[in-house]
Amino acid sequence: MFTPHRRKMMLAGASATFVAALAFAPSASAHECFKKSWTDAAYARALESDHYMSLAVLADQFIVASVAPDCVGVLDYESLWASWMEENGISHVPLVWFKENPEQTFKAWENEKGNSGPGLLGSGNDTAALGYLGNHIPTLESTIGAGLEAAVGAGLCEFPGV
(Lines give C-alpha, C1' and ligand atoms only; values in the text may rest on other atoms or scores of the structure.)
Protein backbone atom coordinates (compact mmCIF):
# COMPACT_ATOMS: atom_id res chain seq x y z
CA MET A 1 0.00 0.00 0.00
CA PHE A 2 2.76 2.49 0.92
CA THR A 3 5.83 2.75 -1.24
CA PRO A 4 9.10 2.27 0.65
CA HIS A 5 9.87 5.96 0.05
CA ARG A 6 6.50 7.13 1.42
CA ARG A 7 6.79 4.87 4.47
CA LYS A 8 10.30 6.21 5.12
CA MET A 9 9.10 9.81 4.79
CA MET A 10 6.07 9.34 7.05
CA LEU A 11 8.18 7.82 9.81
CA ALA A 12 11.14 10.20 9.54
CA GLY A 13 9.57 13.11 11.38
CA ALA A 14 7.87 10.90 13.92
CA SER A 15 11.07 9.01 14.62
CA ALA A 16 12.94 12.27 15.05
CA THR A 17 10.34 13.32 17.63
CA PHE A 18 10.73 10.00 19.48
CA VAL A 19 14.53 10.21 19.43
CA ALA A 20 14.43 13.86 20.55
CA ALA A 21 12.14 12.96 23.43
CA LEU A 22 14.75 10.53 24.70
CA ALA A 23 17.76 12.68 23.80
CA PHE A 24 16.59 15.85 25.49
CA ALA A 25 15.13 14.30 28.61
CA PRO A 26 17.28 15.04 31.64
CA SER A 27 20.02 12.43 31.86
CA ALA A 28 19.00 11.51 35.39
CA SER A 29 15.31 11.45 34.52
CA ALA A 30 14.93 9.13 31.53
CA HIS A 31 17.08 6.27 30.38
CA GLU A 32 17.14 4.71 26.97
CA CYS A 33 18.49 1.50 28.43
CA PHE A 34 16.08 -1.30 29.18
CA LYS A 35 16.22 -4.54 31.11
CA LYS A 36 16.04 -7.48 28.72
CA SER A 37 14.71 -10.18 31.03
CA TRP A 38 11.82 -9.88 33.48
CA THR A 39 9.77 -12.39 35.40
CA ASP A 40 6.08 -11.96 34.63
CA ALA A 41 5.40 -10.78 38.20
CA ALA A 42 8.22 -8.21 38.21
CA TYR A 43 7.14 -6.90 34.80
CA ALA A 44 3.53 -6.52 36.00
CA ARG A 45 4.71 -4.58 39.08
CA ALA A 46 6.92 -2.32 36.94
CA LEU A 47 3.99 -1.56 34.61
CA GLU A 48 1.98 -0.38 37.62
CA SER A 49 4.78 1.94 38.71
CA ASP A 50 4.88 5.65 37.85
CA HIS A 51 8.55 5.21 36.98
CA TYR A 52 8.26 2.90 33.97
CA MET A 53 6.53 3.34 30.64
CA SER A 54 6.18 0.69 27.99
CA LEU A 55 8.03 1.30 24.75
CA ALA A 56 4.71 0.48 23.06
CA VAL A 57 3.08 3.47 24.78
CA LEU A 58 5.98 5.71 23.75
CA ALA A 59 5.75 4.45 20.15
CA ASP A 60 2.02 5.20 20.06
CA GLN A 61 2.46 8.66 21.60
CA PHE A 62 5.47 9.83 19.62
CA ILE A 63 5.45 7.95 16.34
CA VAL A 64 1.98 6.67 15.52
CA ALA A 65 0.14 9.73 16.89
CA SER A 66 2.19 12.05 14.70
CA VAL A 67 1.79 10.14 11.42
CA ALA A 68 -1.53 8.30 11.76
CA PRO A 69 -3.51 9.46 14.83
CA ASP A 70 -6.40 7.16 13.95
CA CYS A 71 -4.05 4.18 14.46
CA VAL A 72 -3.09 4.97 18.08
CA GLY A 73 -3.90 1.92 20.18
CA VAL A 74 -4.37 -0.34 17.15
CA LEU A 75 -0.91 -1.88 16.70
CA ASP A 76 0.01 -5.05 18.58
CA TYR A 77 3.62 -4.23 19.45
CA GLU A 78 4.28 -7.56 21.11
CA SER A 79 3.54 -9.29 17.80
CA LEU A 80 5.31 -6.63 15.70
CA TRP A 81 8.43 -6.87 17.81
CA ALA A 82 8.35 -10.63 18.54
CA SER A 83 11.22 -11.53 16.18
CA TRP A 84 13.34 -8.56 17.29
CA MET A 85 12.71 -9.42 20.95
CA GLU A 86 13.57 -13.09 20.44
CA GLU A 87 16.75 -12.28 18.49
CA ASN A 88 17.89 -9.94 21.27
CA GLY A 89 16.90 -12.04 24.28
CA ILE A 90 14.14 -9.63 25.34
CA SER A 91 11.41 -11.29 27.41
CA HIS A 92 8.76 -8.52 27.36
CA VAL A 93 8.08 -5.27 25.49
CA PRO A 94 10.82 -2.99 26.85
CA LEU A 95 10.06 -0.56 29.64
CA VAL A 96 11.71 2.87 29.79
CA TRP A 97 12.57 4.04 33.30
CA PHE A 98 11.81 7.58 34.49
CA LYS A 99 13.08 9.14 37.70
CA GLU A 100 10.17 11.58 37.66
CA ASN A 101 6.63 11.42 36.38
CA PRO A 102 6.87 10.55 32.65
CA GLU A 103 4.72 13.53 31.65
CA GLN A 104 7.21 15.92 33.25
CA THR A 105 10.28 14.06 32.02
CA PHE A 106 9.66 14.88 28.37
CA LYS A 107 10.01 18.61 28.94
CA ALA A 108 13.34 19.69 27.52
CA TRP A 109 15.83 20.28 30.31
CA GLU A 110 17.45 23.69 30.53
CA ASN A 111 19.91 25.03 33.06
CA GLU A 112 19.98 28.55 34.49
CA LYS A 113 21.75 29.84 31.37
CA GLY A 114 19.18 28.31 29.00
CA ASN A 115 21.51 25.62 27.64
CA SER A 116 19.94 22.27 26.87
CA GLY A 117 21.64 19.21 28.33
CA PRO A 118 22.36 16.04 26.36
CA GLY A 119 20.42 12.86 26.93
CA LEU A 120 21.67 9.31 26.91
CA LEU A 121 21.05 8.30 23.31
CA GLY A 122 23.83 6.07 22.01
CA SER A 123 25.28 5.87 25.51
CA GLY A 124 26.04 2.19 25.58
CA ASN A 125 26.39 -1.19 24.01
CA ASP A 126 23.87 -3.96 24.43
CA THR A 127 24.80 -6.63 26.95
CA ALA A 128 23.11 -9.88 27.90
CA ALA A 129 21.14 -8.01 30.60
CA LEU A 130 20.60 -4.55 29.10
CA GLY A 131 19.67 -3.12 25.72
CA TYR A 132 19.92 0.48 24.50
CA LEU A 133 17.07 1.88 22.39
CA GLY A 134 19.45 3.98 20.31
CA ASN A 135 20.95 0.78 18.94
CA HIS A 136 17.56 -0.48 17.75
CA ILE A 137 15.81 2.57 16.23
CA PRO A 138 15.99 1.34 12.56
CA THR A 139 14.37 -2.00 13.47
CA LEU A 140 11.71 -0.33 15.61
CA GLU A 141 10.94 2.17 12.81
CA SER A 142 10.60 -0.49 10.14
CA THR A 143 8.36 -2.74 12.23
CA ILE A 144 6.10 0.17 13.20
CA GLY A 145 5.90 1.19 9.53
CA ALA A 146 4.98 -2.35 8.51
CA GLY A 147 2.42 -2.52 11.32
CA LEU A 148 0.82 0.75 10.21
CA GLU A 149 0.70 -0.43 6.61
CA ALA A 150 -0.97 -3.70 7.64
CA ALA A 151 -3.47 -1.97 9.96
CA VAL A 152 -4.48 0.55 7.29
CA GLY A 153 -4.67 -2.23 4.67
CA ALA A 154 -6.95 -4.27 6.95
CA GLY A 155 -9.22 -1.27 7.51
CA LEU A 156 -8.43 -1.10 11.24
CA CYS A 157 -7.51 2.58 11.00
CA GLU A 158 -6.86 5.28 8.43
CA PHE A 159 -3.75 7.07 7.35
CA PRO A 160 -4.33 10.78 6.70
CA GLY A 161 -4.61 11.52 3.00
CA VAL A 162 -5.00 7.87 1.94
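These questions and answers cover a disulfide, a helix pair and the overall chain in a predicted model.

User: Why is the link between Cys71 and Cys157 called a disulfide?

Analyst: The cut-off is a pair of cysteine sulfur atoms within 2.5 Å. The sulfur atoms of Cys71 and Cys157 are 2.0 Å apart. The pair therefore counts as a disulfide. The structure holds one.

User: What makes this a link between distant parts of the chain?

Analyst: Cys71 lies in the loop between helix 3 and helix 4 (77-80), and Cys157 in the segment after helix 7. They are 86 residues apart. The link is right-handed, with 90 degrees about the S-S bond. Both cysteines, Cys71 and Cys157, are buried.

User: How are helix 3 and helix 7 placed relative to each other?

Analyst: Their axes come within 12 Å and cross at roughly 65 degrees. The crossing is right-handed.

User: Which residues meet there, and what is their class?

Analyst: From helix 3 come Leu55, Ala59, Ile63, Val64 and Val67; from helix 7, Leu140, Ile144 and Leu148. By class, the contact has eight nonpolar, no polar and no charged residues. Ala, Val, Leu and Ile count as nonpolar, so each residue named falls in that class.

User: How much of the protein chain is buried?

Analyst: Buried residues, those under 20% relative accessible area, make up 40% of the 162 residues. The chain exposes about 8,600 Å², with carbon and sulfur atoms supplying 54% of it.

Notes
Residues numbered from 1 in each chain as written. Predicted model: local features only at pLDDT ≥ 70, side-chain atom pairs only at ≥ 80, totals over all residues. Heavy atoms only, no water. Axes fitted to C-alpha atoms, helices over the stretch in contact; angles between N-to-C directions. Helix = DSSP H or I, 4+ residues; strand = E, 2+ residues; numbered from the N terminus. Left-handed = near helix turned anticlockwise from the far one by under 90°. Contact = heavy atoms within 4.5 Å. Buried < 20%, exposed > 50% of the residue type's maximum accessible area, 1.4 Å probe, protein only. Areas by Shrake-Rupley, 256 points an atom, 1.4 Å probe, with all protein chains shown as cover.
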